[in-house]
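Open the model in a viewer that can select by residue number. The tour below goes from stop to stop, saying what to select and what is there.

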Amino acid sequence: MSERLDVEVLSRREELEALREPWSALWQRCPAATVFQRPEWLIPWCRALGPEEVLALVFRSDEGLVGLAPLAVHRIGDERVVALLGAGISDYNDVLAASGYERAVAGAALACLEERADAWDVADLHDLRASSPLLLAEAPPGWSDEVEKHEACPAVTIPEGAGPDELFPPGMRARVARARKRLARAGDLRLDVADAASVDELLDALFANHQARWRSRGEGGVLDEALRPFHREAARALCGRGALRLFGLRLDGRIIASLYGFAERGGLASYITGFDPELAWYSPGLVMLASAIEHAAREGARNVDFLRGREPYKYDWGAVDRWTFRRRLRRRGARGPGREVGEGEGAVQAVMSGEASPEVGLVRLLGAAADLAAAARAIDAARPAAGEGERAARLEALRRCLDERRAACATVAAMLGAHRDARVAGEDARGACQSAARLFDELCERSEEASVAAYSLGDPEILERATREVVGLFERWGAIGEDRAILQIGCGIGRFEAALAPRVREAWGLDVSPRMIEAARRRCAGRSNVVLAVSSGVDLGDAPSARFDLVYAVDSFPYAVAAGAEVVDRLVAEARRALRPGGELVILGYSYRGDPARDAADVARLAARHGFDVLASGERAFSLWDARAYRLRKIEHR
């Protein structure tokens, strides 16, 4: 594969339309591409909603067309904003890059923007999935670069080989059965799926049902007259490609509920639904969605993506959030977003905004401040900006946390200093793990509680609260149970083994620190179903293969990430070895880099490489602790 790419810039949408067939062939070569990157979606968007001029970057190698960055420059206020075509009505945006060319295409796209820096001010790239090449490409020197979590796209995984009675959660199964009985008593019920002959009729019914439903709620919906020509052209084109899944639920021949979706990459994406509000008592929308999921399962779909939005009904079907990200890049010389915030000030602001708890914010502050007095000054300096209300209350909670626990804060500050001093550059993987073992032996000697969670400030009660939050997450996810075997990578002082042993068949814990394993054995004394052992840190030692239902890591992966990609890759491969088919790997806290998009992209790549589905990516699951949760499920056949 050649890394050299030739670039062609298309500035007129007619030039983009002429690329339709090569573009479609490229889409087929991009395993992660969604329907929203197809020419059948974006060309109608350009005609109906897009600008006259585009900034489409076409990349070719000696293999032909290998990449496409479909961009345009929009004027928003005083700024010229680069955005991906389709932004606004597309749930996922991205470049197209043939397999193996992802990094090269994304890097070349940013290099092209650098060459045309006088034509734009800010690149606003949103609705990017965690695996997007645009999140990984390094920004040119001097650019500002902001990444944030953007939208939740709840999705349901369909178990392989699931029968009709296994597609829905038990409570939902009963609701669907009751609704179908009510409708069956009202008349003849039939499901239609659009083909070339019926697509217009089913679209008309969708428009009418969607509009009626939203008007009954005093709102306008998202299918107004201006958008309908676009959707009609896109639906016809996608139908021709076999990618459209437009359903109509008929009662005595009349379409009473509609679902506009797409079939792609072994899944169903549900884009827009609608039903006749006069028949709401019959729950036609519920039956419509159940019928669409059943249809998708019969076609071999493995997931149902509800796309953007956290509407409560999605979670009734067992959906789990998968997040998209937004990256804003500001070119050198463009008007900046404001002054940079130092680490200490950033920690205080994180508490005031509610992003971090007072305990977590205090640890961040202690890590950034020279001493406790400097930490107090940083808090006091924020009082004028805090004003009154919730922000001020959070700031005062941070100050109380410091004032009431000064001795504990001094201990934690010293431990953070030891942590920084222990970083050794140039060590190999095993050397880094041995250094970590020595560090955690020392930290455990100072404070067992603070050694595994600095934000506990050495307080057993705070640590217990944090432990309960994690256990509660496992319970909500259905990851634990009396018939289950679990294994923790980096078990520390055994707080989770002690908490989870009564809830599982067996609980294993591994750690690089002998002193922590000693502490864990004291905590778990008398628990016959607990196995604790010192590990190398680069593998799972003698842990049996295909034995565990859950392998989890609580704040231990950041040390693996610091030790190098080889260690992380080995641990994920080992987790797969230890898990039974369908078992889950849960990573709570992937790194300390402060870059959630990069973390999510790393986890997505690891999942793809080692045969996992990503069920949760970067979820903020805790009120006390600021770690993000990643949930992966082992795929039996990959």
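Angles between axes under 35 degrees count as roughly parallel, over 145 as roughly antiparallel, 65 to 115 as roughly perpendicular and the rest as oblique. The axes are lines fitted to C-alpha atoms, for helices over the stretch in contact, and the angles run from 0 to 180 degrees between N-to-C directions. Helices (H or I, at least four residues) and strands (E, at least two) are DSSP runs, numbered from the N terminus.

This is a predicted model, in which local features need pLDDT of at least 70 and side-chain atom pairs count only at pLDDT 80 or more, while totals for chains, interfaces and linings use all residues. Residues are numbered from 1 along each chain as its sequence is written, and side-chain values use heavy atoms, with hydrogens and water left out.

**Stop 1: α23 and α24**

Select residues 565-578, helix α23, and residues 596-610, helix α24. Their axes are 10 Å apart and the packing angle is about 50°; the two helices are therefore oblique to each other. The crossing of α23 and α24 is right-handed (left-handed if the near helix is turned anticlockwise from the far one by less than a right angle, right-handed if clockwise).

Now show the side chains in contact, meaning heavy atoms within 4.5 Å. From α23, Val568, Asp569, Val572, Ala573 and Arg576 meet Leu606, Arg609 and His610 of α24. By class, this contact of α23 with α24 has four nonpolar residues, one polar and three charged. Here Ala, Val, Leu, Ile, Met, Phe, Trp, Tyr, Cys and Pro count as nonpolar, Asp, Glu, Lys and Arg as charged, and the others, Gly among them, as polar.

**Stop 2: α13 and α15**

Next select helix α13 (residues 372-381) with helix α15 (residues 390-404). These pack at about 165°, with 10 Å between their axes, and are therefore roughly antiparallel. The crossing of α13 and α15 is left-handed. On the α13 side, pick Leu372, Ala375, Ala376, Ile379 and Asp380; they meet Leu395, Leu398, Arg399 and Leu402 in α15. The contact of α13 with α15 holds seven nonpolar and two charged residues, with no polar ones.

**Stop 3**

Move to α9, residues 284-298. How far apart are the end C-alpha atoms of α9? They are 21 Å apart, in agreement with the 21 Å that 15 residues should span at 1.5 Å a residue (the expected span is 1.5 Å times one less than the number of residues).

Colour α9 by accessibility: buried means under 20% relative accessible area, exposed over 50% and partly exposed in between, with a 1.4 Å probe and protein chains only. In α9, 12 of the 15 residues are buried, so the helix is largely enclosed by the rest of the structure. Among the buried residues are Glu294 and His295. Just after α9, look at Gly300, which has a positive phi of about 95°.

Then select α4, residues 102-115, where 14 residues should span 20 Å and the end C-alpha atoms are 20 Å apart, which agrees. The buried residues in α4 include Val105, Leu110 and Cys112.

**Stop 4: single buried residues**

Select Gly248 in strand β10, residues 244-251. Gly248 is buried, at 0% relative accessible area. Beyond its neighbours within four places in sequence, Gly248 is in contact with Arg190, Leu191, Asp192, Leu202, Ile255, Ala257 and Met288.

Cys491 comes next, in the loop between β15 (485-489) and α20 (495-500). Cys491 is buried, at 4%. Leaving aside neighbours within four places, its contacts are Glu497, Gly509, Leu510, Asp511, Ile517 and Leu532.

Arg228 lies in helix α8, residues 228-240. Is Arg228 buried or exposed? Arg228 is buried, with a relative accessible area of 14%. Outside four places in sequence, Arg228 is in contact with Phe207, Gln211 and Leu223.

**Stop 5: positive phi in loops**

Select Leu307, in the loop between β13 (303-305) and α10 (312-316). Leu307 is not a glycine, yet has a positive phi of about 60°, and it is buried at 2% relative accessible area.

End at Ala546, in the loop between β17 (530-534) and β18 (548-554). Ala546 also has a positive phi, near 50°, in a residue other than glycine. At 47% relative accessibility, Ala546 counts as partly exposed.
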